[in-house]
Amino acid sequence: MSIAAPALTSARLSEAPRRVPIALDARSYDILIGRGLLDDPASYEGLPRSALAAIVSNTTVAPLYAERLAAQLQGRHRRIETVVLPDGEDHKDWATMNRIFDALLAAQGDRKTVIYALGGGVVGDMSGFAAACYMRGVPFVQVPTTLLAQVDSSVGGKTAVNHPLGKNMIGAFYQPLRVLADLATLDTLPDREIRAGLAEVIKYGPIADTDFFDWIERNLDALLARDPAALAHAVQRSCEIKAWVVSQDERESGLRAILNYGHTFGHAIEAGLGFGVWLHGEAVGCGMVLAAELSARLGLLDAGAAARILRLIERAGLPVIAPVLGGAEDWLAHMRVDKKAEGGEIRFVLIDGLGRACMRPAPDALVTEVIAARSDPAVDAAARAAQPA
Ligand SMILES: NC(=O)c1ccc[n+]([C@@H]2O[C@H](COP(=O)([O-])OP(=O)(O)OC[C@H]3O[C@@H](n4cnc5c(N)ncnc54)[C@H](O)[C@@H]3O)[C@@H](O)[C@H]2O)c1
Ligand SMILES: O=C(O)C(=O)C[C@@H](O)[C@H](O)[C@H](O)COP(=O)(O)O
Ligand SMILES: [Zn+2]
C-alpha cells in the first residue's frame, strides 16, 4: 500500500471561523475552528436539544472552561451535569470510564443525553467511548482544548481506553456530531503540551503533504511562539488531511493506517515507560524518527529526507533519542500487540519518499538495529527520575 494525498483547498489565514467538512458513508459533520467559538451561540446551532447534557472534563480543564460551555448549553438542555475526571494518561483506563457511566446513571441520563467532551485527547477518547457504549450509543460533541486534540484526536471517531498490556486496546469507532475547536483555549496550554501537539501536526507532512511539511519547517518558530495565524493554519490543514484520509477509510482497513506513522514505536515507549511518563506526542515524535530511520535502512527514504524529519522534530523540542526499555525483546513484545500487527507480525507505517506512506513488515534484526542506534539508557534514567515517587 502506498498513498499520496492530492493537494487540498488552500488554507485561509483570516480570523474568520474555518469549517472543515468530514464526509463519511453514514453521516458527515463539521469541524469548526476559530478563536472564541466556545462562547459563540452560532457554534451550537443545529445540535440536539435534550433533558440532560453531560460535560465530561477533568480537574485541570473543568475549572477553566466548563462554566462557559455550560452557559451556552442553558436553554438547549434542562439539566447540565459536569463529570470531572482525574487528569492524566495514567487515568485513561476502565476504572475512570466507569466513573463516567456511574455519573450518567446517577443523573438519570437517557438515550437522548448529549455528551460534551471538554479537554484533550484523553478526555475526548474516553468520552467518545462512553458515548458509544452508554445505552448502546448517545450523541456526543468534541470540544478539544489541546493542540493535539484539535489537530488529531477529536476528528475521525477513534475512541478508547488503555489496557495495562497495550495502548488504546479497548475502544470503538464512534463519530461525534461536531468538533468545536476554539483556538483561544490553547492560550492556557503549557508549552510542553504545545510541543506534544506539534508532533501530530508534523506527522501529516511526511505521510501526505510535502508542501505542508515545507510550511511547518518555515513556520515552526511562529508555531512555538503561538502565533495565532500560524496555529489556525496548522489546525485547519491538519484537519483537512485527517478528514481526507478518514472519509476514505473510516475503520482503518487500509489507508487510515498512515495516521499511525510513528505510533508503533511510540505506543511501545508509552507502555514501556508507563502511561503518562512521556506524553503521547513526545512518544510519537520519537517514534517518527525511528520509523524514518527504518524507512531509510529499507531503501524507501533517502538519508537527507530522514534527516529533515529528525531535525524538524528536534526543533519542535521533542525527544529524538528513545529509551532502551527492557531491551530489544521488550520493545518487540510491546510492538507485537500493536493493532496493525497480524498473526504476531509487526507492520510499520514507513515513509516512501517525503509525502507518501506505506505499510510493511520489517525484519526484527533491522528493527532492533534501529532501536539500538537511536536509544540511550540515560533516557530511561531521566524518565524514572521524572516520575513522582
Ligand atoms: N482518537 C484519536 O484519533 C487520537 C489521536 C491522537 C491522540 N489520541 C490520544 O490522545 C491522548 C493525548 O491527548 P492530549 O495530548 O490532548 O493529552 P491530554 O488529554 O492528557 O491533555 C494534556 C494536558 O493538558 C491539559 N489541558 C487540556 N486542555 C488544556 C487547556 N486548554 N489549558 C490548560 N491545560 C489543558 C490536560 O488536563 C492534560 O493535563 C492520548 O491518550 C492519545 O492516545 C487519540
Ligand atoms: O486517527 C487515527 O487513525 C490515528 O491513528 C491517529 C493517532 O494519532 C492516534 O494516536 C490514534 O489513537 C492511534 O490509534 P491506534 O489505533 O493505534 O490506537
Ligand atoms: Zn497519535
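In ligand 2, an oxygen atom sits 2.9 Å from an N or O atom in the side chain of N168. The protein covers 92% of the 430 Å² of accessible area that ligand 2 has on its own. The model is predicted.

**Ligand 2**

- The shell around ligand 2 holds 14 residues, and D152, K158, K242, R256 and K339 come nearest.
- An oxygen atom of ligand 2 lies 2.7 Å from a side-chain N or O atom of R256.
- K158 also makes a side-chain approach: one of its N or O atoms is 2.9 Å from an oxygen atom of ligand 2.
- By class, the shell around ligand 2 has eight charged residues, five polar and one nonpolar.
- Two helices, α5 and α8 (263–273), each give at least two residues to the shell around ligand 2.

**Ligand 1**

- Around ligand 1 there are 28 residues. Those that come nearest are D87, E89, T145, T146 and T188.
- The side chain of E89 places an N or O atom 2.7 Å from an oxygen atom of ligand 1.
- The side chain of K167 has an N or O atom 2.9 Å from an oxygen atom of ligand 1.
- With K158 the contact is through the backbone: a polar backbone atom is 2.8 Å from a nitrogen atom of ligand 1. The protein buries 91% of the 860 Å² that ligand 1 exposes when taken alone.

- E200 and H280 link distant parts of the chain, 80 residues apart. E200 belongs to helix α5 (residues 191–208), while H280 is in helix α9 (residues 280–297).
- Is E200 buried or exposed? E200 counts as buried because its relative accessibility is 1%, under the 20% cut-off.
- H280 is buried too, because its relative accessible area is 16%.

**The annotated C-terminal domain**

- An unreviewed UniProt entry carries the annotation "domain: 3-dehydroquinate synthase C-terminal" for residues 197–341.
- In the model, this stretch is 68% helix and 0% strand.
- The C-alpha atoms at the ends of residues 197–341 are 26 Å apart.

**L105 in helix α2**

- L105 is found in helix α2, which spans residues 94–106.
- Why does L105 count as exposed? Its relative accessibility is 54%, and exposed means over 50%.
- L105 and G276 are 171 residues apart along the chain, and their C-alpha atoms are separated by 29 Å.

How values were computed: Residues numbered from 1 in each chain as written. Chains lettered and ligands numbered in written order. Predicted model: local features only at pLDDT ≥ 70, side-chain atom pairs only at ≥ 80, totals over all residues. Heavy atoms only, no water. Helix = DSSP H or I, 4+ residues; strand = E, 2+ residues; numbered from the N terminus. Buried < 20%, exposed > 50% of the residue type's maximum accessible area, 1.4 Å probe, protein only. Near = heavy atom within 4 Å. Polar contact = N/O pair within 3.5 Å; in protein donor to acceptor, adjacent residues only side chain to side chain. Areas by Shrake-Rupley, 256 points an atom, 1.4 Å probe, with all protein chains shown as cover. UniProt positions renumbered as here; feature names shortened; annotations may be inferred. Nonpolar A, V, L, I, M, F, W, Y, C, P; charged D, E, K, R; others polar.
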